[in-house]
Amino acid sequence: MKIQDLGALDGPMLLFGGPYSNLQALMALQAQAAALAIAPEQMICTGDVVAYCGDPVACVDALRAAQIPVIAGNCEKQLAAGAPDCGCGFEEGTACDLLSVGWYGFANAQMGADHRHWMANLPDVITFRHAGKRFGVIHGGVTDIARFVWSSSDRSVFDAEWLALEQVIGPVDAIVSGHSGIPFQHATARGPWINAGVIGMPPNDGAPLTHFAILDRGSVTFHPLAYDVDAAVTAMTHAGLTQGYHRALKTGYWPSEDILPPALRRATPAKG
């Protein structure tokens with residue numbers, strides 16, 4: 001595993017995941033960081049720079065130009081290898097599995113050798129110290145980069161992933177993760193598990209806003225991110241990415257809720 005240690009970082013930090021090829025959301029996030037006087041070196045992306053939306057190359061180029069620390073998501077791993085699918089861990093036949101064929105094929109066709117080389121050299125884990133605590137940043141899980149860890153996951157899931165990370169990098173006081181797309185903080189037996197959420201897609205809550213996290217003085221707060229949704233949808237439409245995720249940007253609901261735990265899905269209206 002490739003490990004990058006950022007050392008001791010002081011002041012507020014901005015944590016975010018999944019730009020998902022949504023250039024408009026990434027630009028809005030960078031503007032928000034500038035307004036908060038948070039420098040790029042105080043930001044961390046938990047991976048999946050490239051996914052559902054219409055500007056994969058522009059998002060990679062923007063993150064590289066900003067020199068924001070990024071860990072490899074499963075999408076970066078697969079694109080770097082020229083693999084035939086996103087490696088997201090979707091069960092065969094689920095909506096996510098079927099829909100990923102379209103967006104992954106588009107993104108894969110856009111990536112040049114230089115982009116794939118950058119992805120191949122991204123770290124698997126980032127470590128840093130903040131407010132006297134040591135943090136480890138991962139994508140999904142350590143045992144499986146594409147593991148979906150939810151706020152409702154069993155304690156054994158958190159314990160297994162925490163132990164696996166500490167076997168690689170030593171003791172940590174907190175873990176920051178991504179991949180699952182929904183922000184949360186969960187108090188595990190070992191310490192806080194923080195999922196910063198993603199900026200490229202709403203968290204299936206019926207609103208078009210996406211989310212990021214601020215770590216400051218040892219505590220985490222989650223913040224909504226407004227961006228030019230219409231422009232993002234237009235970019236997807238021009239790219240031919242109209243399988244359902246383009247509607248999700250406006251409705252706030254995923255076309256792939258079957259990947260979610262029941263508690264995180266839309267309530268089914270009562271019949272009769």
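Which residues in H2 meet which residues in H5? Val 57, Val 60, Asp 61 and Arg 64 are the ones in H2, and their partners in H5 are Asp 114, His 115, Trp 118 and Met 119. The structure is a predicted model.

**Helix H1**
- Helix H1 runs over residues 23–35 and has 13 residues.
- From its first C-alpha to its last, H1 reaches 18 Å, close to the 18 Å expected at 1.5 Å a residue.
- Its buried residues are Leu 23, Gln 24, Ala 25, Leu 26, Ala 28, Leu 29 and Ala 33.
- Several strands take part in covering the buried residues of H1, including S2 (13–16), S3 (43–45), S9 (210–216) and S10 (219–225).
- Helices take part in this cover as well, among them H2 (56–66) and H7 (229–238).
- After H1 comes Ala 37, which has a positive phi, near 60°.

**Gln 24, a residue of H1**
- Gln 24 lies in helix H1.
- Gln 24 counts as buried because its relative accessible area is 17%, and buried means under 20%.
- Leaving aside neighbours within four places in sequence, the contacts of Gln 24 are Asp 55, Tyr 227, Asp 228, Ala 231 and Ala 232.

**H1 against H2**
- Two packed helices are described by the angle between their axes and by the distance between the axes.
- For H1 and H2, the angle is about 20° and the axes are 9 Å apart.
- H1 is therefore roughly parallel to H2, since angles under 35 degrees count as roughly parallel.
- The crossing in which H1 passes H2 is left-handed.
- H1 contributes Leu 23, Leu 26 and Gln 30 to the contact, while H2 contributes Ala 58, Cys 59, Ala 62, Leu 63 and Ala 66.
- Sorted by class, the residues of this contact of H1 with H2 are seven nonpolar, one polar and no charged.

**H2 against H5**
- The axes of H2 and H5 lie 11 Å apart, and the packing angle is about 55°.
- This angle makes H2 oblique to H5.
- H2 passes H5 in a crossing that is left-handed.
- On the H2 side the meeting residues are Val 57, Val 60, Asp 61 and Arg 64.
- The contact of H2 with H5 is made up of four nonpolar residues, one polar and three charged.

**H3 against H5**
- Helix H3 covers residues 74–81, and its axis is 8 Å from that of H5, at an angle of about 130°.
- H3 and H5 are therefore oblique to each other.
- Their crossing, that of H3 and H5, is left-handed.
- In H3, the residues Glu 76, Leu 79 and Ala 80 meet Arg 116, Met 119 and Ala 120 in H5.
- The class count for the contact of H3 with H5 is four nonpolar, no polar and two charged residues.
- In H5, Met 119 is listed in the contact with H2, and Met 119 is also listed in the contact with H3.

- Asn 121 sits in the loop between helix H5 (113–120) and strand S4 (125–130).
- Asn 121 is partly exposed because its relative accessible area is 47%, which falls between the limits of 20% for buried and 50% for exposed.
- Asn 121 and Gly 178 are 57 residues apart along the chain, and their C-alpha atoms are separated by 19 Å.

Notes:
Residues are numbered from 1 along each chain as its sequence is written. This is a predicted model: local features need pLDDT of at least 70, side-chain atom pairs count only at pLDDT 80 or more; totals for chains, interfaces and linings use all residues. Side-chain values use heavy atoms; hydrogens and water are left out. Helices (H or I, at least four residues) and strands (E, at least two) are DSSP runs, numbered from the N terminus. Buried means under 20% relative accessible area, exposed over 50%, partly exposed in between (1.4 Å probe, protein chains only). The expected span of a helix is 1.5 Å times one less than its number of residues. Contact means heavy atoms within 4.5 Å. Axes are lines fitted to C-alpha atoms, for helices over the stretch in contact, and angles run from 0 to 180 degrees between N-to-C directions. Angles under 35 degrees count as roughly parallel, over 145 as roughly antiparallel, 65 to 115 as roughly perpendicular and the rest as oblique. A crossing is left-handed if the near helix is turned anticlockwise from the far one by less than a right angle, and right-handed if clockwise. Ala, Val, Leu, Ile, Met, Phe, Trp, Tyr, Cys and Pro count as nonpolar, Asp, Glu, Lys and Arg as charged, and the others, Gly among them, as polar.
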